[in-house]
Amino acid sequence: MLYTFLILLAVLALLSIIFEEVTHINKAKTTLFLGCISWVALFMAAGDPGHEKIVEHRLDDNLLEIATLWLFLMSTMTFVAYLNAKGMIQILVQKLFPQRVSVRLLMIQVALFSLLLSAICDNVTATLVSLGLLTTFKLDKQMRRRMAVLIIFAVNSGGVSLITGDVTTLMIFLGGHVHMSELMMLFIPAAISVMLLAVLFSLKAEGEVSTSPIKRDYQTVDVVIAAIFFLTIIMTMVLNVLFGIPPVLTFLTGLSVMFLVGHTSRSDKEEIKILEYIRQVEYDTLLFFLGILLLVGMLKEIGTLDLLTQAYAMFDPNVSNFVTGIGSAILDNVPLTAALLKAEPVLNTPEWLGLTYAVGVGGSLLVIGSASGIIAMSKVKELTFVSYLKYVPALLLCYSVGYGLTLLLGYQLFG
C-alpha cells in the first residue's frame, strides 16, 4: 500500500512537469511538495526508531548530493545574473557580430555563439541572450523560426562538454562517472553536429541583414568580475584535473572573490546591490531540482529503480543511451538522468560519455523537450509545437551524427 502511494506521487510529479503549460502550476512547486511528502511518508511508515534512523541516514545522503548541486548552480547563476544585469553579455555580442552580414554567415555565427555561450552559462541564459540577438537583426518569419530551432539545438549541445553548461552533465560528473578532461572531448561531436545543422539550414538562406548598435555603459569593476568568472571556470577544470578539487569549492571561492572585489571598489550601498544578485538567481530552477532529486531518492529507497536498471540492461548500453536521449525529448532530462544515476547501471567511460551527450542533446528533438525549447516557443511567436515538427528529421540526423562521433572518439581515446 505504501509503495503504491509513493509511486503514485512520483507519477503525479511527472505529469505536473509534462502538463505545466496546461495547468499553469509551476513544476518547481509541485515537485518540491510531492518530493517532501514522499519522505514524510517514509518516516511515518518506518515503525520503530531503528528504521527511522536508516531512513534519516538515506535522506542525509540525498541532501548532501542536492546541496553540492545547489551550491554549484547558485554560484554560476549569480555570476551570470550580475553580468547580464550589467549588460556585459550584450556588449560581448555587439563586439562579436558585425552590423551588416549575410544571412548564411549569420546563421553559422549564431550557431557558434550559442554553442560556446551555453558551455559557460546555464541553458536558460544562453537561450535568452541568443534569442535577444535575433531581435537586433531584421529577419523574415521563416528565417527567425529556423534560427530559433538552430539556437535550441546549439544551446543544448554546448552544455554537454562543461559542467557549467548543463545540469545533467554536472550530475553525471558529480556521480564520479566521467572526468573533466573526458567531458571536454564531447565538445568536438557537439560542435560538428551543430555546424552540420547550421549548414543544412543555411542552404536556402539568401540576402543580407543589418543591425543598429545599442550603447551600454559599464565600469572597470564589471570587466574585472567578468574576468573573475572566466578565470573561475578555467581554474575549476585545472584544479579538478590536477588535484581532484571539487568544482563546487572552486566556484564558491570565485564567488567570494567577486564579493570581495565588490567591497573594495564600491560604496556600501552599491556593495549591497552586488549581494542582491544572488536573489536574481532562478530559484524556481533550484527548487525543481530539489524536488526531483528527493523523489528519485525515494524511488531508489523503495527499490523501484531496480526495474529501470533491468529495462536499461536488456539492450546494448549504446542503444539504450541513444533511445534514452530520444526519450528526454518527451520526459524532462533531469528526472530521467537522476533516475538512471540512482539505478547505478554498469557502464564504461565511452558509454557514460554517450549517455551524457544523449540526455543533453536529445531534448532538442521536440520543442517541449528542453528548457531552451520552452523559452524559444514563448519568445518567438512563429515557433509552435507543430511548426517545430518539420525540423525533426534534420535534428534527428544531427543528433545521430553527434552521438555516433561521441562513441567513435570515446572508444578510440578511452575505450
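The lining of the largest pocket is made up of 24 nonpolar, 14 polar and eight charged residues. In this division Ala, Val, Leu, Ile, Met, Phe, Trp, Tyr, Cys and Pro count as nonpolar, Asp, Glu, Lys and Arg as charged, and the others, Gly among them, as polar. This is a predicted model, in which local features need pLDDT of at least 70 and side-chain atom pairs count only at pLDDT 80 or more, while totals for chains, interfaces and linings use all residues. Residues are numbered from 1 along each chain as its sequence is written, and side-chain values use heavy atoms, with hydrogens and water left out.

The lining holds 46 residues, of which Lys27, Val124, Asp332, Ser370 and Ala371 lie nearest the centre of the pocket. A pocket is an open set of points on a 1 Å grid over the protein atoms alone, where a 1.4 Å probe fits, with protein on both sides within 12 Å along at least five of seven lines; lining residues have an atom within 4 Å of a point. The volume of the largest pocket is about 1100 Å³, counted as the space filled by probe spheres set on the points, which are joined across faces, edges and corners. Helix 4, residues 49–85, gives the most to this lining, with five residues. Helices here are DSSP runs (H or I, at least four residues), numbered from the N terminus.

Now turn to the charged side chains. Side chains of opposite charge can pair when their charged atoms come close. The whole structure has five salt bridges, each a side-chain nitrogen of Lys or Arg within 4 Å of a carboxyl oxygen of Asp or Glu.

One of them joins Lys53 to Glu56, with the closest N and O atoms 3.8 Å apart. Both residues are in helix 4, and because they are three residues apart there, about one helical turn separates them. Lys53 is exposed, at 56% relative accessible area, whereas Glu56 is partly exposed, at 34%. Buried means under 20%, exposed over 50% and partly exposed in between (1.4 Å probe, protein chains only).

Lys342 is buried, at 13%, and Glu65 is partly exposed, at 43%.

Key: Helices (H or I, at least four residues) and strands (E, at least two) are DSSP runs, numbered from the N terminus.
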